[in-house]
Amino acid sequence: MSRTMAPAASAFLPLEAEARHCGGCDAPERLGFLFDYAYQPIVDVATRRVFAHEALVRGPAGEPAAHVLAQVTEINRYRFDQACRVKAIKGAQALGMQALLSINFLPNAVYKPEVCIRTTLEAARAAGFPLDHILFEVTEGERVQDGPWFAQILREYKRCGFKTAIDDFGAGYAGLKLLADFQPDFIKIDMDLVRDIDTRRPRQTIVRGLMQVCRDLDIQVIAEGIETPAERDFLAEEGVRLMQGYLFARPAFRALAEVNTAAWPARG
């Protein structure tokens, strides 16, 4: 998600003001490890422009996300989630990001949405980063024990002016039931549904049905994991404008990746 040089560990810790407000925030332990971000663009194939950059957590030397996430525990999960938001916003501002910033968050690290979101609001204001340029993604594969509570978290984010997205849609536990409780601004179709969709009829049927649901609910669709022109072209024909994947650009560590100009579809 971020990009600047890794600061001292203490930069990830403070949050004591938030710690006074809810039970999940009162652990005095330091985060205890460093992390940074790589950024991958989400493109609009209709306008041939970058629509957003997703902040993808990495180790301080660019290690894969698993290297960082393996160090997240029940004790430090809230502090890590808060640190991610602050670091991603500061990094976006430092890189001069003009497109939306997409940040992943951990719903099971949120105790009181109106309190847990305060650090994000303060970081955005301090950096001069517009709230409506921040998109919060949560993976459908994140097992959430209380579905209505999860929907309430997302509603609070939307009320504060942030955009919301459900990531990896079609791969997890919530599925269409979540859409019945809450309609995000975006859903991201899971890459397993996208893979070889140009030749796999069952996947085509599922995605067409999902597209109709999203049109009826006024939800925009992002297809992730695009790796071939054939996948891109099939989805574009079905009305998907927003895409993300190696065809367009790989994540860039501490930088905004350049889109491969050869990846744009031919002009009609």
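Q: Which residues does Ile-187 touch, not counting residues up to four places away in sequence?
A: This is a predicted model, in which local features need pLDDT of at least 70 and side-chain atom pairs count only at pLDDT 80 or more, while totals for chains, interfaces and linings use all residues. Residues are numbered from 1 along each chain as its sequence is written, and side-chain values use heavy atoms, with hydrogens and water left out. Leaving out those sequence neighbours, Ile-187 touches Ile-166, Phe-169, Leu-179, Leu-210, Cys-214, Ile-219, Gln-220, Val-221 and Ile-222, where contact means heavy atoms within 4.5 Å.

Q: And which members of the largest nonpolar core touch the most other members?
A: In that core of 68 residues they are Phe-35, Phe-80, Ile-89, Leu-101, Ile-187, Leu-235 and Phe-248. A nonpolar core here is a set of buried Ala, Val, Leu, Ile, Met, Phe, Trp, Tyr and Cys residues joined through side-chain atoms within 4.5 Å, and buried means under 20% relative accessible area, against over 50% for exposed and partly exposed in between (1.4 Å probe, protein chains only).

Q: Which helix gives the largest share of this core?
A: Helix H3, residues 77–94, does so with 8 residues; helices (H or I, at least four residues) and strands (E, at least two) are DSSP runs, numbered from the N terminus.

Q: Switching to charges, how many salt bridges does a search of the whole structure find?
A: The search finds 13, a salt bridge being a side-chain nitrogen of Lys or Arg within 4 Å of a carboxyl oxygen of Asp or Glu. One of them joins the side chains of Arg-254 and Asp-36 (3.0 Å, N to O), and this pair links distant parts of the chain, with Arg-254 in the segment after strand S9 (252–253) and Asp-36 in strand S1 (residues 36–44), 218 residues apart.

Q: Is Asp-36 buried or exposed?
A: Asp-36 counts as buried, because its relative accessibility is 0%.

Q: What about Glu-54, which side chain does it meet in a salt bridge?
A: Glu-54 meets Lys-188 (3.0 Å, N to O). Glu-54 lies in strand S2 and Lys-188 in strand S6 (residues 186–189), so the pair ties together parts that are 134 residues apart in sequence. Glu-54 counts as buried at 5% relative accessibility, and Lys-188 is also buried, with a relative accessible area of 0%.
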